Amino acid sequence: MTTTTHAANAAGDRRSSKPKRSDAAKREHRTGWAFMAPFAILFALVFILPIFWAIYSSFFRQVAEGGGAYGGGKLVNKFVGLQNFQYVVTSATFWSGIGRVLLYTLIQVPVMIIAALVLAMLLDSYIVKRVTVFRLGYFLPYAIPGIVASIIWVFLYNGQISPIVKGLAAIGVNVDFFAKNIVIGSMANITTWTFTGYNMLIFLAALQAIPHDLYEAARIDGANGLQIAWHIKLPNVRAAALLAMLLSIVGTIQLFNEPEIMSVSDPSISKSFTPMMMALYTSRGTLTPSGDGPASAIAIVMALIAGVLAALYALAERKVNEQ
Amino acid sequence: MSYKKRLIAGAAAVAAMAMGLAGCGSDANGNASDDSSDGGVVNITYMHRLPDNDGMVLVKDIVAKWNKEHPNIQVKATKFDGKASEMIKKLETDVKNDNAPDLAQVGYAELPEVFTKDMLQDVSEYAEQYKDHFASGPYSLMQVGGKYFGLPQDTGPLVYFYNKAEFDKLGISVPKTADEMVESAKKAAAAGKYIMSYQPDEAGNMISGLAGASGGWYKVVDDAWVVDTETDGSKAVADLYQQLLDAKAATTNARWDASFDASLQDGSLIGTVAAAWEAPLFMGSAGDTGAGDWQVAQLGDWFDNAGKTGPDGGSGVVVLKNSKHPKEAMEFLDWFNTQVSDLVSQGLVPAATTEDAETPEDWSKFFGGQDIMAEFKTANNNMGDFTYMPGFSAVATAMNETAAKAVDGSGKVEDIFSVAQKTSIDTLKNLNLSVKE
């Protein structure tokens, strides 16, 4: 606590040496820091500290040094340098997990973003009456926690109890939502269902921020609704699209709820299906090598990959916009 | 209020918040290292993951009985809601932070791993006097390398559940040999009924138990592990299940998926290998379908097991490393683990031999008036020895994944055992334990 007070004081003192600063400004400054403190301390405790702890522990591995069949009942936290990272980057399991989430991102994110954009455009147009009802309706799935949404969908996918599967079978279409090449699509469907409404809201907010005189001007120039959508609305929601895409890419790399829940029904969805699952089950000891060290290494490599992808996307987007 | 005072007040508020946060971690779980003896009263904490469902005698009520009779040893039981592996992870962290409970439920398969992780306290000196209260098999599963760490609670011998009325209709009886099993299964399948289930998500527990009925996989020779998961028993298990899968004469639903329950409720699944502790869960899954028609039988000689059966689950309670009162903890534990009828109500097949477990009324109603506890006891006495290795959960996970591949035909049942062999050795090596190859 004292550090913060000191910091606040020190900051205040430094500023006060500048002749233009009045006492009032100084006080305001300190008060600002004091108001910041609850956030800053909590942020450091629950966000910064765990990150550094994860980085630190990724250099260690828990091994039995006692030798023999049971290691003498002593586990030692052994410094192993980059061995955990070496394990992660050479692990075929890890890379097939990354491959799965990338494939997933490639399929799911564009579908969802385009769907969200189309819905937002429709709601923003004059075609739709009672916008509030639709807006709330589309947004509602997002209010359902991801795990619960997954459970609901698993019931709808389940061959023996699902009304969808049974209904389709009745008209002669036999679907297996858990079939090897379809299972990723089934997961993507859950995510799309949950998040389309959320992304739609981002787009809708951006659309409604566009000044309406632009539309009027366009109409006077003879533009129809479609032309307005294409030439005015679309370019103006670019920033929102970038945000939605970035959030979605980072979100899908961390894919967890859907495969985790679906693996209960389909045990061939492995405990290392996605990197996030692999990290969790490594820390729990259901995958080997186990423990916090290798698990942290998986999490860190995964975060780096997600960061690089997001940065690449942002760069590419900027390049395209410049042209 | 001057500025300085305001700042101090603000700082104090923040500090109080921070303390509140820090406090969250420590006192919620009842902490073994608390000053536990105030005024001569010893406080014991016990973490379990018994079901505590409606109609059962709740753990806290059992404990309350003890607390009433023993004012000097007060026990507080907490239920852990979650999977076994989650609980082990939590206990591991708690032991490191010195705020773990005194007693905790640990599966027999997990005990070696928990020992390797340095979470246990050697209580051999106290265990000895309670030895006669428990069956010798489970009692010996509570030791690692000759040291005892707690007392056994329940056992999970594998038995056969079947719907006798449906069997009679099909004109079959519980098969005695593997060939008879395949033949009857095909006959039943032709009528849309299944007398066996292949449960990929339980492969690690059940198939290891079935294979282990004729002999264990893990042996310690000269203080090093000798691993052989591809025993004759394993081959027999692979052979039978492969035949059933090829003939489409077994269900392939995952045990803990709703589709398994559905197959019981629509009456298509009329026979399955199950662990004894599954009885009440099974009744819940089946609903009213076939209530009163089900029976429990011993496993036939289907897996080259010659009348033996294997373990699937079952737990003991251990004394954790930081416990300050191992003697009192063990005294309570012996009492708790011998509360046979209360434990039976929780769906357990108690390891205690102090009194005969009676079949609860609703169980015997579902199982056609049969005294199924007696069947479980017979199975218990027929259980082969199966030693688990540290890190077995990783092996079980790999087995489950491989088992799932046999369902869609992309793999074979026998692959389960080659994967188990490889994963076992990898796991032991990753833990830096000695392995003889």
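Me: Is B:Asp52 buried, partly exposed or exposed?
Reply: This model is predicted. B:Asp52 has 16 other C-beta atoms within 10 Å. A residue is buried at 20 or more and exposed at 12 or fewer. B:Asp52 is therefore partly exposed.

Me: Where in chain B does B:Asp52 sit, and what is its phi?
Reply: B:Asp52 lies in the loop between β2 (41–48) and α2 (59–69) of chain B. This residue is not a glycine, yet its phi is positive. The value is about 55°.

Me: Is B:Asp98 buried or exposed?
Reply: B:Asp98 belongs to the loop between α3 (84–96) and β4 (103–107) of chain B. Its phi is positive, about 65°, although B:Asp98 is not a glycine. Inside 10 Å it has 12 C-beta neighbours. The cut-off for exposed is 12 or fewer, so B:Asp98 counts as exposed.

Me: Which peptide bond is cis, with omega near 0°?
Reply: Look in chain A, at the loop between α13 (275–284) and α14 (292–322). A:Pro289 is found there. The cis bond runs from A:Thr288 to A:Pro289.

Me: Which element of chain A has the lowest mean pLDDT?
Reply: The mean pLDDT of chain A is 87, and 93% of its residues reach 70 or more. Helix α3 (residues 83–89) of chain A has the highest mean among the elements, 95. The lowest mean is 45, and it belongs to helix α1 (residues 2–16) of chain A.

Me: Over which residues of chain A does pLDDT stay under 50?
Reply: Where pLDDT is low, the predicted coordinates should not be read in detail. The model still has 19 contacts beyond four places in sequence for this stretch of chain A. The stretch is residues 1–17.

Technical notes
Residues are numbered from 1 along each chain as its sequence is written. Chains are lettered from A and ligands numbered from 1 in the order in which they are written. This is a predicted model: local features need pLDDT of at least 70, side-chain atom pairs count only at pLDDT 80 or more; totals for chains, interfaces and linings use all residues. pLDDT is the predictor's confidence in each residue, from 0 to 100. Helices (H or I, at least four residues) and strands (E, at least two) are DSSP runs, numbered from the N terminus. Two residues are in contact if their C-beta atoms, placed from the backbone, lie within 7 Å.
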